[in-house]
Amino acid sequence: MTEEPVVVLVEDDPNIADLVDMYLRQSGYRVYQATDGEAGLRLVRDRHPKLVILDVGLPGPLDGLDVCRQLRSISDVPIIMLTARDGEVDRVLGLEMGADDYVTKPFSPRELVARVKAILRRTETPRQDLPSVLEVGSCEVDLSRREARVDGEPVVLAAREFDLLAFLAGNRGLALSRRQLLDGVWGPDWIGDERTVDVHVRQLRKKLGEAFPLSTVWGVGYRLD
Ligand code: CA
């Protein structure tokens, strides 16, 4: 018998917490709930969850961003932040503090569960087990030949464009900030403007067209669906 993956949910609004709890249980997760940051940190230490869902606006001395920062100093557990619709700054800060993704309130519990699954799929697949050909829409990203194909036909990409495509394909379903893309593709030491990412994205969109299901995530960056 396999054990249900544990999710810690830190949310002070009981209506949202119960709804999310119900959907996660139906999808086969074991859920532990906390309603403030300190209790949330304790639960993570005690329960060793596979993933944490963290509301930004929490009562008490620690808000969600504080909790995120503290969690990152003790653990690499994936974190999804719940943010308010107008909380663009929170979203950016959350990702900068190491959150893996965010969902904006009001959200559909179904979408949240889909994000949870996407993140766990990625974090539970060891890097070396990644197939050498990733499929993204009708586009194939062949990592060993360093070749992108649309409907079987190779598309000529610059080296950096291919690297960006491969990085996005390896992190499908996750909202990535321009900074994360720069770090992942250009390397953390690369000095330059974040608009570099936009320029390369424009090229990929032009060359791959409809085959490239990339969404712009306002205030953050991009997500490959
Ligand atoms: Ca709240």
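Good morning. I begin with R146, whose place is in the loop between β7 (139-142) and β8 (147-150); helices (H or I, at least four residues) and strands (E, at least two) are DSSP runs, numbered from the N terminus. The structure is a predicted model, in which local features need pLDDT of at least 70, side-chain atom pairs count only at pLDDT 80 or more, and totals for chains, interfaces and linings use all residues. Residues are numbered from 1 along each chain as its sequence is written, and side-chain values use heavy atoms, with hydrogens and water left out.

R146 has a phi near 50 degrees, a positive value in a residue other than glycine. R146 is partly exposed, at a relative accessible area of 44%; buried means under 20%, exposed over 50%, and partly exposed in between (1.4 Å probe, protein chains only).

A positive phi, of about 45 degrees, also occurs at H48, which is not a glycine. H48 sits in the loop between α2 (37-47) and β3. With a relative accessible area of 63%, H48 is exposed.

I turn now to the metal site. Which residues coordinate the calcium ion? They are D12 (OD), D55 (OD) and G57 (O), at 2.2 to 2.3 Å. Donors are N, O and S atoms within 2.8 Å of the metal (3.2 Å for Na, K and Ca), and water is not among the atoms, so sites may look incomplete. Along the sequence, the donor residues follow the spacing D-x42-D-x1-G. D12 belongs to the loop between β1 (6-10) and α1 (14-26), and G57 to the loop between β3 (51-55) and α3 (64-74), so this pair ties together parts that are 45 residues apart in sequence. D12 is partly exposed, with a relative accessible area of 31%, and G57 is partly exposed as well, at 48%.

Next, the helix packing. Two packed helices are described by the angle between their axes and the distance between the axes. Axes are lines fitted to C-alpha atoms, for helices over the stretch in contact, and angles run from 0 to 180 degrees between N-to-C directions.

How do α1 and α5 lie against each other, and at what angle? Helix α5 (residues 109-124) packs with α1 at about 55 degrees, and the axes are 10 Å apart. The two are therefore oblique to each other; angles under 35 degrees count as roughly parallel, over 145 as roughly antiparallel, 65 to 115 as roughly perpendicular and the rest as oblique. The contact (heavy atoms within 4.5 Å) is made by L19, V20, Y23 and L24 of α1 and P109, R110, L112, V113 and V116 of α5. These residues divide into eight nonpolar, no polar and one charged. Here Ala, Val, Leu, Ile, Met, Phe, Trp, Tyr, Cys and Pro count as nonpolar, Asp, Glu, Lys and Arg as charged, and the others, Gly among them, as polar.

A second pair is formed by α6 (residues 159-170) and α7 (residues 178-186), which pack at about 115 degrees with axes 9 Å apart. From α6, R160, D163, L164, F167 and L168 meet Q180, L181, G184, V185 and W186 in α7. This contact comprises six nonpolar, two polar and two charged residues.

Finally, T83 is in strand β4 (residues 79-83). T83 is buried, with a relative accessible area of 1%. Leaving aside neighbours within four places in sequence, T83 contacts V56, D90, R91, Y102, V103, T104 and K105. The peptide bond from K105 to P106 is cis, with omega near -5 degrees, and P106 lies in the loop between β5 (101-104) and α5. Thank you.
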